[in-house]
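Dear colleague,

Please find below the structure that I am handing over to you. My notes on what was found in it follow directly after.

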Amino acid sequence: MSVTVRVPAKVNVQLAVGAARPDGFHDLANVFLAVGLYDEVTVTPAESLRITCSGPDAAQVPLDASNLAARAATALAALHGIAPDVHIHIDKDIPVAGGMAGGSADGAGALLACDALWGTGASRDELLGLCAELGSDVPFSLVGGAALGTGRGERLSPVEVGGAFHWVFAVADGGLSTPAVYREFDRLTAGTRVPGPVASDALLDALRTGDAKALAGALSNDLQAPALSLRPSLADTLAAGTEAGALAALVSGSGPTTAFLAEDAAAAREVAAALTASGTCRTARTAASPAPGATVL
Ligand code: C5P
(Lines give C-alpha, C1' and ligand atoms only; values in the text may rest on other atoms or scores of the structure.)
Protein backbone atom coordinates (compact mmCIF):
# COMPACT_ATOMS: atom_id res chain seq x y z
CA MET A 1 0.00 0.00 0.00
CA SER A 2 1.22 3.51 -0.73
CA VAL A 3 -0.13 7.05 -0.51
CA THR A 4 0.61 9.87 -2.97
CA VAL A 5 0.13 13.55 -2.19
CA ARG A 6 0.32 16.36 -4.75
CA VAL A 7 1.64 19.71 -3.47
CA PRO A 8 1.86 23.08 -5.28
CA ALA A 9 4.65 25.64 -5.61
CA LYS A 10 4.12 29.22 -4.47
CA VAL A 11 4.92 32.73 -5.55
CA ASN A 12 5.00 35.62 -3.10
CA VAL A 13 2.91 38.41 -4.58
CA GLN A 14 3.97 40.60 -1.65
CA LEU A 15 6.96 39.90 0.55
CA ALA A 16 7.39 42.75 3.02
CA VAL A 17 10.37 42.10 5.31
CA GLY A 18 10.92 43.76 8.69
CA ALA A 19 14.11 44.11 10.69
CA ALA A 20 15.91 40.99 11.95
CA ARG A 21 14.44 39.72 15.25
CA PRO A 22 16.53 38.56 18.20
CA ASP A 23 16.03 34.94 17.02
CA GLY A 24 17.51 35.83 13.60
CA PHE A 25 14.21 35.47 11.74
CA HIS A 26 12.45 38.46 10.15
CA ASP A 27 8.85 39.47 10.73
CA LEU A 28 7.00 39.36 7.43
CA ALA A 29 3.84 40.41 5.69
CA ASN A 30 3.97 37.58 3.19
CA VAL A 31 1.15 37.16 0.69
CA PHE A 32 1.46 33.65 -0.72
CA LEU A 33 -0.25 32.49 -3.88
CA ALA A 34 -0.13 28.79 -4.77
CA VAL A 35 0.65 28.13 -8.44
CA GLY A 36 -0.01 25.08 -10.58
CA LEU A 37 3.45 23.53 -10.59
CA TYR A 38 3.50 20.43 -8.41
CA ASP A 39 5.68 17.91 -6.66
CA GLU A 40 4.20 14.49 -5.92
CA VAL A 41 5.26 12.75 -2.73
CA THR A 42 4.61 8.99 -2.45
CA VAL A 43 5.15 7.09 0.81
CA THR A 44 5.36 3.29 1.03
CA PRO A 45 6.11 1.12 4.09
CA ALA A 46 9.81 0.13 4.17
CA GLU A 47 12.42 -1.42 6.50
CA SER A 48 13.79 2.02 7.35
CA LEU A 49 13.42 5.66 6.33
CA ARG A 50 14.80 6.39 2.88
CA ILE A 51 14.21 9.01 0.18
CA THR A 52 14.41 8.84 -3.58
CA CYS A 53 13.73 11.56 -6.10
CA SER A 54 12.93 11.69 -9.81
CA GLY A 55 12.54 14.57 -12.26
CA PRO A 56 14.90 16.79 -14.27
CA ASP A 57 16.50 18.44 -11.19
CA ALA A 58 16.53 15.31 -9.00
CA ALA A 59 20.34 15.35 -8.71
CA GLN A 60 20.19 18.63 -6.75
CA VAL A 61 17.80 17.29 -4.09
CA PRO A 62 19.42 16.15 -0.80
CA LEU A 63 18.38 12.57 -0.01
CA ASP A 64 19.56 12.56 3.62
CA ALA A 65 17.89 13.42 6.94
CA SER A 66 18.11 17.14 6.07
CA ASN A 67 15.38 16.76 3.44
CA LEU A 68 12.21 18.38 4.78
CA ALA A 69 10.20 15.31 3.72
CA ALA A 70 12.39 13.11 5.95
CA ARG A 71 12.13 15.59 8.80
CA ALA A 72 8.34 15.66 8.42
CA ALA A 73 8.05 11.85 8.59
CA THR A 74 10.41 11.72 11.59
CA ALA A 75 8.50 14.45 13.46
CA LEU A 76 5.07 12.85 12.89
CA ALA A 77 6.36 9.40 13.87
CA ALA A 78 8.01 10.77 17.05
CA LEU A 79 4.75 12.45 18.05
CA HIS A 80 2.94 9.12 17.82
CA GLY A 81 5.71 6.92 19.24
CA ILE A 82 6.16 4.90 16.06
CA ALA A 83 9.17 4.26 13.82
CA PRO A 84 9.37 6.37 10.63
CA ASP A 85 9.99 3.30 8.49
CA VAL A 86 8.88 4.58 5.15
CA HIS A 87 10.19 5.00 1.63
CA ILE A 88 9.50 8.56 0.49
CA HIS A 89 9.63 9.11 -3.25
CA ILE A 90 9.53 12.70 -4.53
CA ASP A 91 8.56 13.26 -8.14
CA LYS A 92 9.96 16.76 -8.45
CA ASP A 93 8.61 19.34 -10.87
CA ILE A 94 9.09 22.48 -8.71
CA PRO A 95 12.43 24.25 -9.32
CA VAL A 96 15.01 23.30 -6.64
CA ALA A 97 16.32 26.06 -4.30
CA GLY A 98 14.43 28.48 -6.51
CA GLY A 99 12.32 30.57 -4.13
CA MET A 100 9.15 28.60 -4.97
CA ALA A 101 8.93 26.56 -1.74
CA GLY A 102 9.74 23.24 -3.41
CA GLY A 103 11.41 21.86 -0.28
CA SER A 104 8.53 23.11 1.86
CA ALA A 105 6.07 21.43 -0.52
CA ASP A 106 7.85 18.10 0.00
CA GLY A 107 7.70 18.57 3.80
CA ALA A 108 3.97 19.27 3.76
CA GLY A 109 3.38 16.46 1.26
CA ALA A 110 5.29 13.87 3.28
CA LEU A 111 3.46 14.91 6.45
CA LEU A 112 0.01 14.50 4.90
CA ALA A 113 1.01 11.27 3.13
CA CYS A 114 2.47 9.67 6.27
CA ASP A 115 -0.56 10.70 8.31
CA ALA A 116 -2.77 8.89 5.79
CA LEU A 117 -0.44 5.85 5.52
CA TRP A 118 -0.03 5.40 9.27
CA GLY A 119 -3.61 6.33 10.17
CA THR A 120 -2.29 8.75 12.78
CA GLY A 121 -5.37 10.92 12.21
CA ALA A 122 -3.69 14.25 13.00
CA SER A 123 -6.06 17.20 13.09
CA ARG A 124 -5.58 20.10 10.68
CA ASP A 125 -4.20 22.20 13.57
CA GLU A 126 -1.72 19.48 14.57
CA LEU A 127 -0.54 19.21 10.96
CA LEU A 128 -0.20 23.00 10.70
CA GLY A 129 1.78 23.10 13.97
CA LEU A 130 4.17 20.41 12.71
CA CYS A 131 4.50 22.28 9.40
CA ALA A 132 5.42 25.52 11.21
CA GLU A 133 8.18 23.66 13.10
CA LEU A 134 9.57 22.36 9.81
CA GLY A 135 9.87 25.81 8.19
CA SER A 136 8.26 29.20 7.70
CA ASP A 137 6.74 28.35 4.30
CA VAL A 138 5.60 24.78 5.05
CA PRO A 139 2.14 25.62 6.51
CA PHE A 140 1.23 27.44 3.31
CA SER A 141 2.22 24.43 1.19
CA LEU A 142 -0.35 22.41 3.13
CA VAL A 143 -3.10 25.02 2.80
CA GLY A 144 -2.57 26.34 -0.77
CA GLY A 145 -4.85 28.87 -2.45
CA ALA A 146 -3.81 32.28 -1.20
CA ALA A 147 -2.95 33.43 2.31
CA LEU A 148 -1.29 36.19 4.28
CA GLY A 149 1.58 34.89 6.39
CA THR A 150 2.66 36.96 9.38
CA GLY A 151 5.19 36.28 12.12
CA ARG A 152 8.04 34.61 10.25
CA GLY A 153 5.44 33.70 7.60
CA GLU A 154 3.97 30.67 9.36
CA ARG A 155 0.88 32.33 10.87
CA LEU A 156 -1.68 32.19 8.07
CA SER A 157 -4.92 33.97 7.43
CA PRO A 158 -6.93 33.27 4.28
CA VAL A 159 -6.92 35.70 1.35
CA GLU A 160 -9.75 35.79 -1.17
CA VAL A 161 -8.92 35.38 -4.87
CA GLY A 162 -11.56 36.37 -7.43
CA GLY A 163 -10.12 34.88 -10.60
CA ALA A 164 -7.26 33.03 -12.28
CA PHE A 165 -3.85 34.67 -12.75
CA HIS A 166 -1.40 33.50 -15.40
CA TRP A 167 2.31 33.33 -14.67
CA VAL A 168 5.60 32.53 -16.30
CA PHE A 169 8.51 31.33 -14.16
CA ALA A 170 12.04 31.68 -15.48
CA VAL A 171 14.24 29.05 -13.86
CA ALA A 172 17.84 30.13 -13.30
CA ASP A 173 20.95 27.97 -13.32
CA GLY A 174 21.70 26.90 -9.75
CA GLY A 175 19.91 27.99 -6.58
CA LEU A 176 20.17 30.77 -4.03
CA SER A 177 20.39 30.10 -0.30
CA THR A 178 17.43 31.65 1.54
CA PRO A 179 19.51 32.48 4.68
CA ALA A 180 22.15 34.12 2.46
CA VAL A 181 19.49 36.32 0.80
CA TYR A 182 18.12 37.39 4.20
CA ARG A 183 21.71 38.13 5.35
CA GLU A 184 22.16 40.29 2.26
CA PHE A 185 18.88 42.08 3.11
CA ASP A 186 20.35 42.81 6.58
CA ARG A 187 23.60 44.07 5.02
CA LEU A 188 21.81 46.34 2.52
CA THR A 189 19.49 47.80 5.17
CA ALA A 190 22.14 48.16 7.92
CA GLY A 191 21.98 51.63 9.47
CA THR A 192 18.52 52.35 8.06
CA ARG A 193 15.19 52.15 9.86
CA VAL A 194 13.35 49.14 8.46
CA PRO A 195 9.59 49.74 8.72
CA GLY A 196 7.31 47.07 10.20
CA PRO A 197 5.88 44.88 7.41
CA VAL A 198 2.25 45.57 6.44
CA ALA A 199 0.09 43.84 3.83
CA SER A 200 -0.88 46.13 0.94
CA ASP A 201 -4.60 46.90 0.63
CA ALA A 202 -4.17 47.55 -3.12
CA LEU A 203 -2.66 44.10 -3.52
CA LEU A 204 -5.38 42.35 -1.52
CA ASP A 205 -8.04 44.23 -3.55
CA ALA A 206 -6.41 43.15 -6.82
CA LEU A 207 -6.46 39.51 -5.69
CA ARG A 208 -10.07 39.75 -4.53
CA THR A 209 -11.26 41.24 -7.83
CA GLY A 210 -9.08 38.97 -10.00
CA ASP A 211 -7.66 42.05 -11.75
CA ALA A 212 -4.31 41.11 -13.32
CA LYS A 213 -3.36 44.70 -14.28
CA ALA A 214 -4.06 45.95 -10.75
CA LEU A 215 -2.10 43.02 -9.31
CA ALA A 216 0.80 43.84 -11.65
CA GLY A 217 0.96 47.34 -10.18
CA ALA A 218 0.87 46.10 -6.60
CA LEU A 219 3.44 43.25 -6.68
CA SER A 220 6.42 43.79 -4.36
CA ASN A 221 9.25 41.76 -2.91
CA ASP A 222 11.72 43.17 -0.36
CA LEU A 223 14.04 40.23 -1.08
CA GLN A 224 14.37 41.28 -4.73
CA ALA A 225 17.16 43.83 -4.09
CA PRO A 226 19.27 41.39 -2.03
CA ALA A 227 18.66 38.57 -4.55
CA LEU A 228 19.77 40.88 -7.40
CA SER A 229 22.76 41.99 -5.34
CA LEU A 230 23.87 38.36 -5.01
CA ARG A 231 22.89 37.46 -8.61
CA PRO A 232 23.07 40.63 -10.78
CA SER A 233 22.33 38.68 -13.97
CA LEU A 234 18.71 38.27 -12.81
CA ALA A 235 18.15 41.87 -13.92
CA ASP A 236 18.62 40.69 -17.54
CA THR A 237 15.96 38.00 -17.06
CA LEU A 238 13.51 40.51 -15.54
CA ALA A 239 14.12 42.90 -18.46
CA ALA A 240 13.69 40.14 -21.07
CA GLY A 241 10.28 39.19 -19.64
CA THR A 242 9.11 42.80 -19.48
CA GLU A 243 10.23 43.40 -23.08
CA ALA A 244 8.29 40.29 -24.10
CA GLY A 245 5.06 41.84 -22.84
CA ALA A 246 4.71 40.66 -19.25
CA LEU A 247 2.48 42.92 -17.13
CA ALA A 248 5.04 42.77 -14.33
CA ALA A 249 8.23 41.00 -13.37
CA LEU A 250 9.67 40.16 -9.96
CA VAL A 251 11.98 37.77 -8.17
CA SER A 252 10.03 34.84 -6.68
CA GLY A 253 10.60 34.74 -2.91
CA SER A 254 14.34 34.61 -2.23
CA GLY A 255 15.01 33.69 -5.89
CA PRO A 256 16.69 32.99 -8.20
CA THR A 257 13.48 32.02 -10.04
CA THR A 258 11.87 35.11 -11.56
CA ALA A 259 8.09 35.43 -11.95
CA PHE A 260 6.19 37.23 -14.71
CA LEU A 261 2.50 38.06 -14.58
CA ALA A 262 0.74 37.80 -17.96
CA GLU A 263 -2.63 39.04 -19.13
CA ASP A 264 -3.94 35.56 -20.02
CA ALA A 265 -2.76 32.02 -20.79
CA ALA A 266 -1.87 32.84 -24.43
CA ALA A 267 0.22 35.86 -23.38
CA ALA A 268 1.96 33.67 -20.78
CA ARG A 269 2.97 31.18 -23.50
CA GLU A 270 4.39 34.03 -25.61
CA VAL A 271 6.38 35.45 -22.70
CA ALA A 272 7.70 31.96 -21.87
CA ALA A 273 8.84 31.41 -25.46
CA ALA A 274 10.57 34.80 -25.56
CA LEU A 275 12.29 34.17 -22.21
CA THR A 276 13.53 30.76 -23.36
CA ALA A 277 14.85 32.31 -26.60
CA SER A 278 16.50 35.21 -24.71
CA GLY A 279 19.18 32.99 -23.21
CA THR A 280 18.77 34.75 -19.84
CA CYS A 281 17.37 31.68 -18.05
CA ARG A 282 17.67 27.91 -18.10
CA THR A 283 14.03 27.30 -18.91
CA ALA A 284 10.66 29.04 -18.62
CA ARG A 285 7.45 27.45 -17.35
CA THR A 286 3.85 28.66 -17.42
CA ALA A 287 1.42 28.06 -14.54
CA ALA A 288 -1.92 29.39 -13.35
CA SER A 289 -2.99 30.38 -9.86
CA PRO A 290 -4.52 29.91 -7.39
CA ALA A 291 -3.84 26.19 -6.96
CA PRO A 292 -5.13 23.86 -4.24
CA GLY A 293 -2.93 22.91 -1.29
CA ALA A 294 -1.53 19.47 -0.49
CA THR A 295 -4.02 16.85 -1.73
CA VAL A 296 -4.06 13.06 -1.32
CA LEU A 297 -4.44 11.58 -4.82
O1 C5P B 1 11.89 28.88 8.15
P2 C5P B 1 12.90 28.45 7.14
O3 C5P B 1 13.69 27.25 7.60
O4 C5P B 1 12.33 28.24 5.77
O5 C5P B 1 13.92 29.65 7.02
C6 C5P B 1 15.15 29.50 6.35
C7 C5P B 1 16.04 30.67 6.72
O8 C5P B 1 15.51 31.87 6.12
C9 C5P B 1 16.11 30.98 8.18
O10 C5P B 1 17.12 30.24 8.80
C11 C5P B 1 16.44 32.47 8.18
O12 C5P B 1 17.80 32.68 7.90
C13 C5P B 1 15.66 32.97 6.98
N14 C5P B 1 14.33 33.48 7.33
C15 C5P B 1 14.23 34.72 7.99
N16 C5P B 1 13.00 35.21 8.30
C17 C5P B 1 11.87 34.55 7.94
C18 C5P B 1 11.94 33.31 7.27
C19 C5P B 1 13.19 32.81 6.97
O20 C5P B 1 15.24 35.33 8.30
N21 C5P B 1 10.68 35.08 8.24
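**Domains and their contact**

The protein chain divides into domain 1 (3-158) and domain 2 (165-289), with bounds that come from an automatic or database domain assignment. This is a predicted model, in which local features need pLDDT of at least 70 and side-chain atom pairs count only at pLDDT 80 or more, while totals for chains, interfaces and linings use all residues. Residues are numbered from 1 along each chain as its sequence is written.

The C-alpha centres of the two domains are 22 Å apart. Domain 1 brings 28 residues to the contact and domain 2 brings 33 residues; two residues are in contact if their C-beta atoms, placed from the backbone, lie within 7 Å. On the side of domain 1 that touches domain 2, β1 (3-20), β2 and β5 (146-150) each supply at least two residues. Helices (H or I, at least four residues) and strands (E, at least two) are DSSP runs, numbered from the N terminus. By class, that side of domain 1 has 20 nonpolar, 7 polar and 1 charged residues, where Ala, Val, Leu, Ile, Met, Phe, Trp, Tyr, Cys and Pro count as nonpolar, Asp, Glu, Lys and Arg as charged, and the others, Gly among them, as polar.

**The nonpolar core**

The largest nonpolar core has 102 residues, of which Trp167 and Val168 touch the most other members. Such a core is a set of buried Ala, Val, Leu, Ile, Met, Phe, Trp, Tyr and Cys residues joined through C-beta atoms within 7 Å. A residue is buried if 20 or more other C-beta atoms lie within 10 Å of its own, exposed if 12 or fewer, and partly exposed in between, with C-beta atoms placed from the backbone. β2 gives the most to this core, namely 11 residues. Because domain 1 and domain 2 both give residues to the core, it lies between them. Leaving out residues up to four places away in sequence, the contacts of Trp167 include Val11, Val35, Phe260 and Leu261.

**The ligand**

Around the ligand are Gly24, Phe25, His26, Leu28, Gly135, Ser136, Asp137, Arg152, Gly153, Thr178, Pro179 and Tyr182, each with its C-beta atom, placed from the backbone, within 6 Å of it. This shell consists of 4 nonpolar, 6 polar and 2 charged residues. Its largest share, 3 residues, comes from α5, and both β2 (26-45) and α5 (178-189) supply at least two residues. Domain 1 and domain 2 each contribute at least three residues to the shell.

In α3 (residues 124-134), Leu127, Leu128, Leu130, Cys131 and Leu134 are buried. These buried residues fall within an arc of 160 degrees seen down the axis, so they line one face of the helix; the arc is that of the directions from the helix axis to the C-beta atoms. Their cover includes α1 (68-79), α2 (102-118) and α4 (138-143).

In α6 (residues 201-209), Leu203, Ala206 and Leu207 are buried. They cover an arc of only 100 degrees around the axis, which puts them on the same side of α6. Asp201 and Ala202 are exposed on the other side of α6. The buried residues of α6 pack against β1, β2, β5 and α7 (212-218).

Valine 61 sits in the loop between β3 (50-54) and α1. Valine 61 is buried, with 21 other C-beta atoms within 10 Å. Apart from neighbours within four places in sequence, valine 61 contacts Cys53, Ile90, Lys92 and Val96.

With kind regards
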